[in-house]
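Notebook open, structure loaded. I want to look up the overall build and then the charge pairs.

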Amino acid sequence: MKNNTAQSPTSPTQIDSSLLPKSSKDRTMNPLAYSFMWIGDGMNLGNMTLGASLVVAGVATMNIFQTFAATFIAILIITTIFVFNDRLGYRTGIPYVVQLRMSFGIKGAIISSLLRGIPAIVWYGFQSWIGATALNEIIKILSNGDFNNVFICFLILQFFQIVLSLYGFHAIKWVETLISVVILCALIYVFIILLNNHQEIIIDKWVNTEGTWGLPFCGFIMMFLGNYAAIFLSAADYSRELKSGFSNRKRGLLYFLPIFVAYGFIITIGVMLASVTGNSNPVKAFAIVVNNPYITIVVSAFIVLGTVAVNIVANIIPPAYVITLLTKAKYKVAVTITGLLAIASFPWVLVQDTSAKGLGLFILIYSAFLGPIVAILLVEYYLLRRQKIDINRLYDNNGQFSGYNPAAILAMLIGSAAAFYEVSLTWIVGFVVGGISYILLTKYTFKNSPFKNGTIFENK
């Protein structure tokens, strides 16, 4: 049967209600709130640094046309993957951790869900510590130096984010909208200053530079995809909150336009700042360009707001669902545990220069698995099952999807191994190799596997 509507599983199951299919009446996000969620997620200092990285020795490696062409291509790819991978969650209301069961099985989904959940928790702590450093600067200035304790600021920020996350997408809807508007206004102000006072430098070093369509162009697209690799993998976690009634094309616009506005604007500011100041650190570049004694407070506030915006979308909800799945805990308990685990990730160690290589290795390792996993999910739903799946079976611990699917596990490992082989193209290599491997393994191996039932390779 082709199941395109949200419904509760008919078989009894020990699972928290937050992981059950979300019905149309329970969905909280309208198109405007959904758009602001993606704008808020893109408005952060890390993405501004992505733009600043295009400037080498004071001159941009790509001109303005090449920059926006690469941005357009990257966001188009991101939007396409989002729309394909969010469709099952949007149609049925199931979250990502349940979607995984279709390919990996109920036990196998534990492994693949951890590959999304653990990195999110680490980034949750890392981002929060950066935000706490900025919050500490604000309080230190306002207290005339009487206060100076980053760890206390970190605990305060974590407590605030945990409380927000307790309200799920009800909080995201309002928090992301508010943060997006505030940050957009601040960036417009900086953009006007840069354009009025440094127009000739920007034109000379970015607009009129020859640039290249070579490796920097392709590398920029890969970095872009890397930024979203984890988020569009768990696309179902977001689409199940969007009001029903939107076609694939309309949902595509709800991804493309906000992401393009957020990234296009913040990358532009990053390139302009680096071109004018020659400094690739946006915080230091801000202080040079905006001659204001309170610039540290303004920049620090931007960092704090960006931290909350990114964490609440990308780093809290997905691992909370994983914890709920593994422990059978209620959602509010799970998001609290997620916040505590982020503290236990020791982010104050990760921000040290001596930890940079270790953090980079960690990113490389987990990102190598993300491409193969999303490829496996897409191959399963569109090619093997032709968009026909009875979601009740995904909740049946004793049914077809119990245990684990060895074909999916092997395809994931093969795809990730290929990704490690070509580091500069990690995600795309893993995606292609993982997807092809899964088709071949499903067709030619494990002939009596119950995971073939309902697919084009079903044993007749």
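Started with the end of my list: Arg 385 is buried, at a relative accessible area of 3% (buried is under 20%, exposed over 50%, partly exposed in between, with a 1.4 Å probe and protein chains only). Its partner is Glu 380, and the closest N and O atoms of this salt bridge are 2.7 Å apart (the rule: a side-chain nitrogen of Lys or Arg within 4 Å of a carboxyl oxygen of Asp or Glu). Glu 380 is buried too, at 1%.

Housekeeping: this is a predicted model, where local features need pLDDT of at least 70, side-chain atom pairs need 80 or more, and totals for chains, interfaces and linings use all residues. Residues are numbered from 1 along each chain as its sequence is written, and side-chain values use heavy atoms, without hydrogens and water.

How many salt bridges does the rule give? I get six. One of them joins Glu 241 and Lys 22 at 3.0 Å, N to O. Glu 241 sits in the loop between helices H11 and H12, Lys 22 in the segment before helix H1, 219 residues apart (helices are DSSP runs of H or I, at least four residues; strands are E, at least two; numbering is from the N terminus). Both residues are buried.

Next I checked Asp 86 and Arg 251, a salt bridge at 2.8 Å, N to O. Asp 86 is in helix H3 and Arg 251 in helix H12, so the pair ties together parts 165 residues apart in sequence. Both are buried as well.

Zooming out, I count 20 helices and two strands in the protein chain. Of its 460 residues, 57% count as buried.
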